[in-house]
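Here is a short briefing on one protein model and its ligand. Keep the structure in view as you read.

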Amino acid sequence: MELIRQIQDMRNVISNLRADKPSIRIGFVPTMGFLHQGHASLLQAARQQCDIVVLSIFVNPLQFGPNEDFERYPRDEARDLALAEAAGTDFVFSPSTAEMYPRPSKTKILISGVTEQLCGASRPGHFDGVGIVVTKLFQIIQPNAAFFGMKDAQQVAVIKQLVTDLNMPVEIVPCAIIREQDGLAMSSRNVYLQSEEREQALVLSRTLKQMERQTIEAGGDLPTAELKQAIRKQIEEMPLADIDYIEILAYPDLEPIERLKDAKQVIIALAVRFGKTRLIDNVIIQLQE
Ligand code: AMP
(Lines give C-alpha, C1' and ligand atoms only; values in the text may rest on other atoms or scores of the structure.)
Protein backbone atom coordinates (compact mmCIF):
# COMPACT_ATOMS: atom_id res chain seq x y z
CA MET A 1 0.00 0.00 0.00
CA GLU A 2 1.27 3.46 -0.88
CA LEU A 3 0.46 6.73 0.88
CA ILE A 4 0.16 9.75 -1.44
CA ARG A 5 -0.22 13.37 -0.33
CA GLN A 6 0.17 15.37 -3.55
CA ILE A 7 -2.45 15.66 -6.29
CA GLN A 8 0.17 15.40 -9.03
CA ASP A 9 1.61 12.20 -7.54
CA MET A 10 -1.87 10.69 -7.39
CA ARG A 11 -2.50 11.64 -11.02
CA ASN A 12 0.83 10.10 -12.09
CA VAL A 13 0.01 6.81 -10.37
CA ILE A 14 -3.38 6.63 -12.10
CA SER A 15 -2.03 7.49 -15.54
CA ASN A 16 0.76 4.92 -15.21
CA LEU A 17 -1.74 2.25 -14.20
CA ARG A 18 -3.93 3.05 -17.20
CA ALA A 19 -0.95 3.19 -19.56
CA ASP A 20 0.09 -0.31 -18.43
CA LYS A 21 -3.43 -1.74 -18.65
CA PRO A 22 -6.08 0.39 -20.37
CA SER A 23 -8.93 -1.89 -19.22
CA ILE A 24 -7.95 -1.60 -15.54
CA ARG A 25 -10.88 -1.01 -13.19
CA ILE A 26 -10.12 1.51 -10.47
CA GLY A 27 -12.34 1.54 -7.38
CA PHE A 28 -12.46 4.57 -5.10
CA VAL A 29 -13.62 4.97 -1.50
CA PRO A 30 -13.79 8.59 -0.29
CA THR A 31 -13.73 9.07 3.51
CA MET A 32 -12.89 11.55 6.23
CA GLY A 33 -10.77 8.98 8.06
CA PHE A 34 -11.00 7.64 11.62
CA LEU A 35 -11.90 4.44 9.88
CA HIS A 36 -14.15 1.70 11.23
CA GLN A 37 -15.75 -1.47 9.89
CA GLY A 38 -18.28 0.57 7.87
CA HIS A 39 -15.40 2.04 5.85
CA ALA A 40 -13.72 -1.37 5.70
CA SER A 41 -16.86 -2.83 4.11
CA LEU A 42 -16.64 -0.25 1.31
CA LEU A 43 -12.96 -1.08 0.77
CA GLN A 44 -13.78 -4.79 0.67
CA ALA A 45 -16.55 -4.23 -1.89
CA ALA A 46 -14.11 -2.20 -4.00
CA ARG A 47 -11.50 -4.96 -3.62
CA GLN A 48 -13.98 -7.53 -4.92
CA GLN A 49 -15.19 -5.49 -7.88
CA CYS A 50 -12.04 -3.67 -8.99
CA ASP A 51 -8.37 -4.27 -9.87
CA ILE A 52 -7.09 -1.31 -7.85
CA VAL A 53 -8.51 0.19 -4.66
CA VAL A 54 -7.88 3.86 -3.84
CA LEU A 55 -8.97 5.24 -0.46
CA SER A 56 -9.03 8.96 0.23
CA ILE A 57 -8.78 10.42 3.71
CA PHE A 58 -9.63 14.09 3.77
CA VAL A 59 -11.59 16.01 6.39
CA ASN A 60 -13.22 18.46 4.02
CA PRO A 61 -13.68 21.85 5.69
CA LEU A 62 -16.23 22.95 3.06
CA GLN A 63 -18.83 20.44 4.22
CA PHE A 64 -18.80 21.59 7.85
CA GLY A 65 -20.91 24.48 9.09
CA PRO A 66 -19.33 27.27 11.20
CA ASN A 67 -20.58 25.74 14.48
CA GLU A 68 -19.91 22.13 13.56
CA ASP A 69 -17.12 19.76 14.58
CA PHE A 70 -14.47 20.34 11.88
CA GLU A 71 -11.75 21.21 14.43
CA ARG A 72 -12.45 18.34 16.78
CA TYR A 73 -13.32 15.73 14.14
CA PRO A 74 -11.40 12.59 15.26
CA ARG A 75 -8.17 11.84 13.40
CA ASP A 76 -5.72 8.90 13.70
CA GLU A 77 -3.69 8.35 10.57
CA ALA A 78 -1.55 5.46 11.81
CA ARG A 79 -4.62 3.47 12.80
CA ASP A 80 -6.36 4.33 9.52
CA LEU A 81 -3.42 3.13 7.46
CA ALA A 82 -3.33 -0.20 9.29
CA LEU A 83 -7.06 -0.74 8.78
CA ALA A 84 -6.85 0.31 5.13
CA GLU A 85 -4.00 -2.09 4.44
CA ALA A 86 -5.81 -4.97 6.15
CA ALA A 87 -8.89 -4.27 3.99
CA GLY A 88 -6.84 -4.60 0.80
CA THR A 89 -6.25 -0.95 -0.16
CA ASP A 90 -3.59 -0.24 -2.81
CA PHE A 91 -3.29 3.55 -2.52
CA VAL A 92 -4.26 6.02 0.20
CA PHE A 93 -4.67 9.59 -1.00
CA SER A 94 -4.45 11.90 2.01
CA PRO A 95 -3.90 15.51 0.91
CA SER A 96 -3.61 18.55 3.20
CA THR A 97 -6.29 21.24 3.14
CA ALA A 98 -3.81 23.56 1.36
CA GLU A 99 -3.17 20.93 -1.31
CA MET A 100 -6.91 20.55 -2.01
CA TYR A 101 -7.82 24.23 -1.61
CA PRO A 102 -4.72 26.35 -2.30
CA ARG A 103 -7.11 29.29 -2.69
CA PRO A 104 -10.85 29.60 -2.09
CA SER A 105 -12.83 27.77 -4.75
CA LYS A 106 -14.81 30.16 -6.95
CA THR A 107 -16.65 27.28 -8.55
CA LYS A 108 -19.81 26.12 -6.80
CA ILE A 109 -21.58 22.82 -7.24
CA LEU A 110 -25.24 23.29 -6.35
CA ILE A 111 -27.36 20.19 -6.52
CA SER A 112 -31.06 20.89 -6.19
CA GLY A 113 -34.15 18.79 -5.48
CA VAL A 114 -32.39 16.27 -3.24
CA THR A 115 -30.50 18.67 -0.95
CA GLU A 116 -33.25 20.88 0.50
CA GLN A 117 -34.58 18.25 2.93
CA LEU A 118 -33.13 16.02 5.70
CA CYS A 119 -29.45 16.82 6.42
CA GLY A 120 -29.47 19.49 3.71
CA ALA A 121 -32.08 21.44 5.68
CA SER A 122 -30.28 21.05 9.04
CA ARG A 123 -26.79 21.65 7.65
CA PRO A 124 -26.98 24.53 5.14
CA GLY A 125 -24.19 24.32 2.56
CA HIS A 126 -23.21 20.79 3.59
CA PHE A 127 -24.02 19.17 0.26
CA ASP A 128 -22.42 22.04 -1.69
CA GLY A 129 -19.21 21.14 0.16
CA VAL A 130 -19.70 17.43 -0.51
CA GLY A 131 -20.43 18.15 -4.20
CA ILE A 132 -17.24 20.13 -4.71
CA VAL A 133 -14.92 17.73 -2.89
CA VAL A 134 -16.35 14.63 -4.56
CA THR A 135 -16.09 16.32 -7.97
CA LYS A 136 -12.46 17.28 -7.29
CA LEU A 137 -11.60 13.79 -6.04
CA PHE A 138 -13.27 12.19 -9.08
CA GLN A 139 -11.25 14.53 -11.34
CA ILE A 140 -8.00 13.61 -9.60
CA ILE A 141 -8.52 9.85 -9.30
CA GLN A 142 -10.82 9.25 -12.28
CA PRO A 143 -12.23 6.03 -10.83
CA ASN A 144 -14.40 3.59 -12.74
CA ALA A 145 -16.48 2.97 -9.61
CA ALA A 146 -16.92 4.81 -6.31
CA PHE A 147 -18.29 3.17 -3.17
CA PHE A 148 -20.55 5.01 -0.74
CA GLY A 149 -22.33 3.85 2.43
CA MET A 150 -26.11 3.90 2.78
CA LYS A 151 -25.53 5.24 6.29
CA ASP A 152 -25.50 8.57 4.40
CA ALA A 153 -28.44 7.68 2.14
CA GLN A 154 -29.09 11.28 1.13
CA GLN A 155 -25.43 11.64 0.13
CA VAL A 156 -25.82 8.61 -2.16
CA ALA A 157 -28.90 10.22 -3.79
CA VAL A 158 -27.03 13.54 -4.18
CA ILE A 159 -23.90 11.97 -5.68
CA LYS A 160 -25.95 9.86 -8.10
CA GLN A 161 -27.74 13.02 -9.23
CA LEU A 162 -24.42 14.86 -9.67
CA VAL A 163 -22.85 12.06 -11.67
CA THR A 164 -25.91 11.70 -13.89
CA ASP A 165 -26.34 15.44 -14.48
CA LEU A 166 -22.67 16.03 -15.31
CA ASN A 167 -22.15 12.77 -17.25
CA MET A 168 -19.30 11.74 -14.97
CA PRO A 169 -18.00 8.35 -16.16
CA VAL A 170 -18.10 6.71 -12.74
CA GLU A 171 -20.40 4.03 -11.39
CA ILE A 172 -21.79 4.81 -7.93
CA VAL A 173 -21.99 1.68 -5.79
CA PRO A 174 -24.13 1.98 -2.64
CA CYS A 175 -23.13 -0.31 0.25
CA ALA A 176 -25.20 -1.50 3.24
CA ILE A 177 -25.04 0.15 6.67
CA ILE A 178 -22.65 -1.65 9.02
CA ARG A 179 -23.78 -1.72 12.65
CA GLU A 180 -22.28 -2.53 16.05
CA GLN A 181 -23.53 -5.81 17.56
CA ASP A 182 -26.18 -3.92 19.53
CA GLY A 183 -27.50 -2.14 16.43
CA LEU A 184 -25.85 1.29 16.64
CA ALA A 185 -24.83 2.37 13.13
CA MET A 186 -21.04 2.66 13.01
CA SER A 187 -19.77 6.22 12.74
CA SER A 188 -16.48 8.01 13.35
CA ARG A 189 -18.48 10.34 15.59
CA ASN A 190 -19.57 7.53 17.95
CA VAL A 191 -16.36 8.12 19.94
CA TYR A 192 -17.82 11.41 21.15
CA LEU A 193 -20.67 9.60 22.96
CA GLN A 194 -20.62 9.38 26.75
CA SER A 195 -21.70 5.94 28.03
CA GLU A 196 -25.21 7.03 29.01
CA GLU A 197 -25.65 8.73 25.61
CA ARG A 198 -24.42 5.65 23.79
CA GLU A 199 -26.88 3.50 25.71
CA GLN A 200 -29.82 5.75 24.89
CA ALA A 201 -28.74 6.12 21.24
CA LEU A 202 -29.75 2.49 20.69
CA VAL A 203 -33.32 3.78 20.47
CA LEU A 204 -32.59 4.85 16.87
CA SER A 205 -31.80 1.47 15.34
CA ARG A 206 -34.36 -0.26 17.59
CA THR A 207 -37.16 2.08 16.48
CA LEU A 208 -36.20 1.89 12.80
CA LYS A 209 -36.19 -1.88 12.92
CA GLN A 210 -39.58 -2.00 14.57
CA MET A 211 -41.08 0.49 12.10
CA GLU A 212 -39.66 -1.47 9.19
CA ARG A 213 -41.36 -4.62 10.49
CA GLN A 214 -44.65 -2.79 11.07
CA THR A 215 -44.55 -1.25 7.59
CA ILE A 216 -43.91 -4.54 5.86
CA GLU A 217 -46.67 -6.26 7.87
CA ALA A 218 -49.12 -3.53 6.82
CA GLY A 219 -48.02 -3.81 3.18
CA GLY A 220 -47.03 -0.15 3.37
CA ASP A 221 -50.62 0.92 3.83
CA LEU A 222 -49.81 3.41 6.59
CA PRO A 223 -49.99 7.21 6.73
CA THR A 224 -46.50 8.71 7.05
CA ALA A 225 -47.68 11.37 9.53
CA GLU A 226 -48.85 8.72 11.99
CA LEU A 227 -45.70 6.68 11.64
CA LYS A 228 -43.53 9.75 12.20
CA GLN A 229 -45.52 10.54 15.34
CA ALA A 230 -45.03 6.99 16.63
CA ILE A 231 -41.28 7.24 16.02
CA ARG A 232 -41.11 10.62 17.77
CA LYS A 233 -42.89 9.19 20.81
CA GLN A 234 -40.42 6.33 21.14
CA ILE A 235 -37.35 8.51 20.75
CA GLU A 236 -38.64 11.10 23.19
CA GLU A 237 -38.74 8.42 25.85
CA MET A 238 -34.97 8.83 26.01
CA PRO A 239 -34.24 11.91 28.13
CA LEU A 240 -30.90 12.65 26.39
CA ALA A 241 -32.35 12.54 22.86
CA ASP A 242 -32.80 15.86 21.08
CA ILE A 243 -34.54 15.28 17.75
CA ASP A 244 -33.26 17.16 14.70
CA TYR A 245 -35.55 15.46 12.18
CA ILE A 246 -37.70 12.39 11.62
CA GLU A 247 -38.65 12.04 7.96
CA ILE A 248 -40.31 9.53 5.69
CA LEU A 249 -39.80 10.19 1.98
CA ALA A 250 -39.72 8.44 -1.36
CA TYR A 251 -36.19 7.19 -2.11
CA PRO A 252 -34.03 8.16 -3.99
CA ASP A 253 -35.93 11.25 -5.18
CA LEU A 254 -36.65 12.34 -1.57
CA GLU A 255 -40.15 13.59 -2.39
CA PRO A 256 -42.79 13.75 0.35
CA ILE A 257 -45.44 11.01 0.42
CA GLU A 258 -48.73 10.71 2.32
CA ARG A 259 -48.86 6.95 2.63
CA LEU A 260 -45.82 4.73 2.50
CA LYS A 261 -47.16 2.69 -0.40
CA ASP A 262 -47.30 5.86 -2.54
CA ALA A 263 -43.65 5.21 -3.44
CA LYS A 264 -41.85 2.14 -4.72
CA GLN A 265 -39.17 2.60 -2.16
CA VAL A 266 -39.23 4.73 0.99
CA ILE A 267 -36.65 5.96 3.45
CA ILE A 268 -37.29 6.46 7.13
CA ALA A 269 -34.49 8.81 8.14
CA LEU A 270 -33.56 10.17 11.56
CA ALA A 271 -31.11 12.74 12.89
CA VAL A 272 -30.97 12.97 16.66
CA ARG A 273 -28.51 14.67 19.01
CA PHE A 274 -27.25 12.94 22.14
CA GLY A 275 -25.31 15.56 24.06
CA LYS A 276 -22.98 17.21 21.54
CA THR A 277 -23.13 14.31 19.10
CA ARG A 278 -25.49 14.37 16.15
CA LEU A 279 -26.28 10.86 14.93
CA ILE A 280 -28.04 9.84 11.74
CA ASP A 281 -29.59 6.52 10.84
CA ASN A 282 -32.10 5.25 8.31
CA VAL A 283 -33.85 2.28 6.83
CA ILE A 284 -34.94 1.86 3.22
CA ILE A 285 -38.05 -0.18 2.61
CA GLN A 286 -38.91 -1.63 -0.77
CA LEU A 287 -42.72 -1.60 -1.24
CA GLN A 288 -43.11 -2.46 -4.91
CA GLU A 289 -40.96 -4.33 -7.40
P1 AMP B 1 -17.19 9.46 6.35
O2 AMP B 1 -15.77 9.11 6.69
O3 AMP B 1 -18.09 9.53 7.54
O4 AMP B 1 -17.30 10.65 5.44
O5 AMP B 1 -17.75 8.24 5.52
C6 AMP B 1 -17.10 7.79 4.35
C7 AMP B 1 -17.96 6.76 3.68
O8 AMP B 1 -18.18 5.67 4.57
C9 AMP B 1 -19.35 7.30 3.30
O10 AMP B 1 -19.71 6.78 2.04
C11 AMP B 1 -20.21 6.76 4.40
O12 AMP B 1 -21.56 6.58 4.02
C13 AMP B 1 -19.55 5.42 4.66
N14 AMP B 1 -19.92 4.92 5.99
C15 AMP B 1 -19.80 5.58 7.17
N16 AMP B 1 -20.32 4.84 8.17
C17 AMP B 1 -20.81 3.70 7.60
C18 AMP B 1 -21.48 2.54 8.10
N19 AMP B 1 -21.78 2.40 9.38
N20 AMP B 1 -21.82 1.58 7.22
C21 AMP B 1 -21.55 1.72 5.90
N22 AMP B 1 -20.91 2.78 5.36
C23 AMP B 1 -20.54 3.76 6.20
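Where is the place of S41? S41 sits in helix α2. Helices (DSSP runs of H or I, at least four residues) and strands (runs of E, at least two) are numbered from the N terminus. This is a predicted model: local features need pLDDT of at least 70, side-chain atom pairs count only at pLDDT 80 or more, and totals for chains, interfaces and linings use all residues. Residues are numbered from 1 along each chain as its sequence is written, and side-chain values use heavy atoms, with hydrogens and water left out.

**Helix α2**

- S41 counts as buried, because its relative accessibility is 17%. Buried means under 20% relative accessible area, exposed means over 50%, and partly exposed lies in between (1.4 Å probe, protein chains only).
- The side chain of S41 reaches the backbone oxygen of G38 at 2.7 Å.
- A40 also lies in helix α2. A40 is buried, with a relative accessible area of 3%.
- Leaving aside neighbours within four places in sequence, A40 is in contact with L83 and A87. Contact means heavy atoms within 4.5 Å.
- A40 and K136 are 96 residues apart in sequence. Their C-alpha atoms are 23 Å apart in space.

**The ligand and its shell**

**Polar atoms at the ligand**

- An oxygen atom of the ligand is 2.6 Å from an N or O atom in the side chain of D152.
- An oxygen atom of the ligand is 2.9 Å from a polar backbone atom of M32.
- A nitrogen atom of the ligand is 2.9 Å from a polar backbone atom of M186.
- Taken alone, the ligand exposes 480 Å², and the protein buries 92% of that. Accessible areas come from the Shrake-Rupley method with a 1.4 Å probe; for residues, only the protein chains shown count as cover.

**R75 in its loop**

- R75 lies in the loop between β3 (52-57) and α3 (77-86).
- R75 is partly exposed, because its relative accessible area is 46%.
- A polar atom of the R75 side chain lies 2.9 Å from the backbone oxygen of Y73. A polar atom of this side chain lies 3.2 Å from the backbone oxygen of F70.
- R75 touches F34, V59 and F70, not counting residues up to four places away in sequence.
- R75 and G33 are 42 residues apart along the chain, yet their C-alpha atoms are separated by 6.6 Å.

**Salt bridges**

- Side chains of opposite charge can pair when their charged atoms come close.
- How many salt bridges does the structure hold? The structure holds 13. A salt bridge is a side-chain nitrogen of Lys or Arg within 4 Å of a carboxyl oxygen of Asp or Glu.
- E77 forms a salt bridge with R5, and the closest N and O atoms are 2.8 Å apart. E77 lies in helix α3 and R5 in the loop between β1 (2-4) and α1 (7-20), so the pair ties together parts that are 72 residues apart in sequence.
- E77 is partly exposed at 33% relative accessibility. R5 is partly exposed too, at 37%.
- D51 and K21 meet in a salt bridge (3.6 Å, N to O). D51 is in the loop between α2 and β3 and K21 in the loop between α1 and β2, so this pair ties together parts 30 residues apart in sequence.
- R189 forms a salt bridge with D69, with the closest N and O atoms 2.7 Å apart. R189 lies in the loop between β6 (171-175) and α8 (195-217), and D69 in the loop between β3 and α3, 120 residues apart.
- Are R189 and D69 buried or exposed? R189 is buried, and so is D69.
- D221, R259 and K261 are linked in a network of salt bridges.

Conventions. Polar contact = N/O pair within 3.5 Å; in protein donor to acceptor, adjacent residues only side chain to side chain.
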